[in-house]
Amino acid sequence: MPLEAKAVPVVVWGGGTGAVAAALQSARGGAPTLLLTPGPWLGGMVSAAGVCCPDGNELSPWQTGLWGAFLRELQQQEPSGLDHNWVSCFGYRPATAEAILRRWCQRESLLEWWPSVQLLAVERHGSRIAALQVQQGQQTVRLELQLLIDGSDLGDTFPLAEAAYRFGWEPQEQWQEPSAPPQADLATQPFFRLQPVQSPTWVAMGQLQQPEAPPLGDAPLAAPFTQATRHFGLERTITYGRLPNGLVMLNWPLDGNDWHTQLPQLYGPDAAVRSALEQRMQEHSLAFAAALQEASDGWLQPARCFPSGDASRSALTGAFPLALMPYWREGRRLVGLEVVTEQQLLPQGPGQAIGALPMDPRGATTSVAVGNYANDHHYPGPDWPLAPKSCRWGGRWSGTPFCIPFGALLSAEVENLLAADKGFSTSHMANGATRLQPLILNIGQAAGAAAALAVARGLTPAQLPVRAVQEALLHDPQAPAAVVPLWDTPWHHPAWRQRQLAVLDDPTRIGADGRWGGPESQADQPCTAPPEPHEQAWTGTVIPDGEGGFSLALGADRCLPLITLEPSLHAWLNTLCRPTPTTLVGCLNTAGPWLRVSRLAG
């Protein structure tokens, strides 16, 4: 039976969050684009995998691009707001995120989406990929393409295209990364063979039966989760991932539902073995959810928020549905024209607050995305020791920002292959900071912008001037994205774009502390955060603790920790040396517990 054939300039193989971002940006840039996903949802970890408490890029200077647009749309769409949990500053329901992304896709006339597609083969001729072969329903289709973007969590297309990729640990001797193990340990210690990547999690969802926790005991959970509540107690273990309407994301790293067993086989070539292990992952998460349900005396109950894909899955999940896919923290990582290593994530010395700007040989900045997550690796046992990259900011700890160079998205061997998800070119150690939802949305956006420009100009992505990609991102009419990190310049600052472009013209205009160092103008004055839904005024006395923390005393018997994500308010708080009466505007998070404030009233 002959193959059906279809020609599309840009094909995005998806399933990951970066795929939908890349497909959107490619279509918005004028390139006919086909998004393929192996499952029925298109949002990856932000929806289908249920990881609905985003990490990183929480401060307003980093809330740009598709991540910023997505966050502000979530704020509008969730009736009770996003301030519900204590692992993140934001939390939302999976279906809300999926609906937003689908609406955005449906508005793009140049974007087509095929869900539930099976990837069969990648045709490569020399240094180029010519086509994909996929199964769509009962039909096998050959997709001829100009550019392929891999937006999967695991780098699905890399082995099929015989594109070079990395998998597992790199020794410290390779790149001199401070947190990497030495070659001798990799060669002799079984841990590194059994744990080649960070552990994945199959997220389960629960539903709280009342807003406030009933009296809870302190007995340990049922085995094998007896140590899960040891550090934080039962209530905070549950409210860690609290979402709107009492929904709860169960994604607990401390002796909870992370999966550490048979990882080499889980990522191996045997589909039957992988399927069996994925079923065991699901059973493990369901057992963790059941243990929490029993220990909370029914305060946490099953939740139904994902569709059942097939009869076997429906029978397995029963009354406690699981996410539609695992939360893969790491997979294959492309060998790119550049590689992001741990050193590039770290402040460059005392008093410095940003990673080094990536530069080409001519001294031009090559960054196309900004992240700031603190670095976090998931393995069994004690925490892996990592070089510190956090600072006290806005009453809380936040990761210092870093840049992703354009070359890290481009295959070193295949001229028309880009990576748009966590499989872009990083080291194993750097992956712990680069794998998070906000940054992946903006990496996908950068890959999509480059694809559209390459198609329009008849070039390979590597032939594009990086400045053209940067300007496409900065001038995007719907979701302008930052390419350099400026701590004091939030997304809503009137000189935001002007400053970004100025740093590209002259990198010395960004100081070692990450603040704007160029000439001042009227537009450069500090700005006030715009209003957001669900905020209210809070009158009390701000009390600084002398160590970068703050609280708001509301009368004699109530005091709330204060945090802010806004540079102007951060700067004001840090001028205080004594208790100061004031009125602040913000949103209360009872799970934090904290008051997230954005500006002074009036």
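At roughly what angle do the axes of helix H1 and helix H3 cross? In this predicted model, local features need pLDDT of at least 70 and side-chain atom pairs count only at pLDDT 80 or more, while totals for chains, interfaces and linings use all residues. Residues are numbered from 1 along each chain as its sequence is written, and side-chain values use heavy atoms, with hydrogens and water left out.

The axes of H1 (residues 17–28) and H3 (residues 94–106) cross at roughly 25° and come within 10 Å. Axes are lines fitted to C-alpha atoms, for helices over the stretch in contact, and angles run from 0 to 180 degrees between N-to-C directions; helices (H or I, at least four residues) and strands (E, at least two) are DSSP runs, numbered from the N terminus. H1 is therefore roughly parallel to H3, a class that takes angles under 35 degrees. The crossing of H1 with H3 is left-handed, that is, the near helix is turned anticlockwise from the far one by less than a right angle. Val20, Leu24 and Arg28 of H1 meet Leu101, Trp104 and Cys105 of H3, where contact means heavy atoms within 4.5 Å. By class, 5 nonpolar, no polar and 1 charged residues form this contact (Ala, Val, Leu, Ile, Met, Phe, Trp, Tyr, Cys and Pro count as nonpolar, Asp, Glu, Lys and Arg as charged, and the others, Gly among them, as polar).

S8 (residues 204–208) is joined to S10 by 3 bridges, and Gly206 has Pro302 in S10 as its bridge partner.

A closed barrel of 5 strands runs S17-S18-S19-S21-S20 with mixed pairing. Its neighbouring strands are turned by 55° against each other on average, direction ignored. S17 (residues 536–544) and S20 (residues 580–589) run antiparallel and are joined by 7 bridges; the bridge partner of Thr541 in S20 is Pro581.

Gln136 lies in strand S5 (residues 128–136). Leaving aside neighbours within four places in sequence, Gln136 is in contact with Trp114, Val117 and Val141.

Key. Parallel < 35°, antiparallel > 145°, perpendicular 65-115°, else oblique. Pairing = 2+ DSSP bridges.
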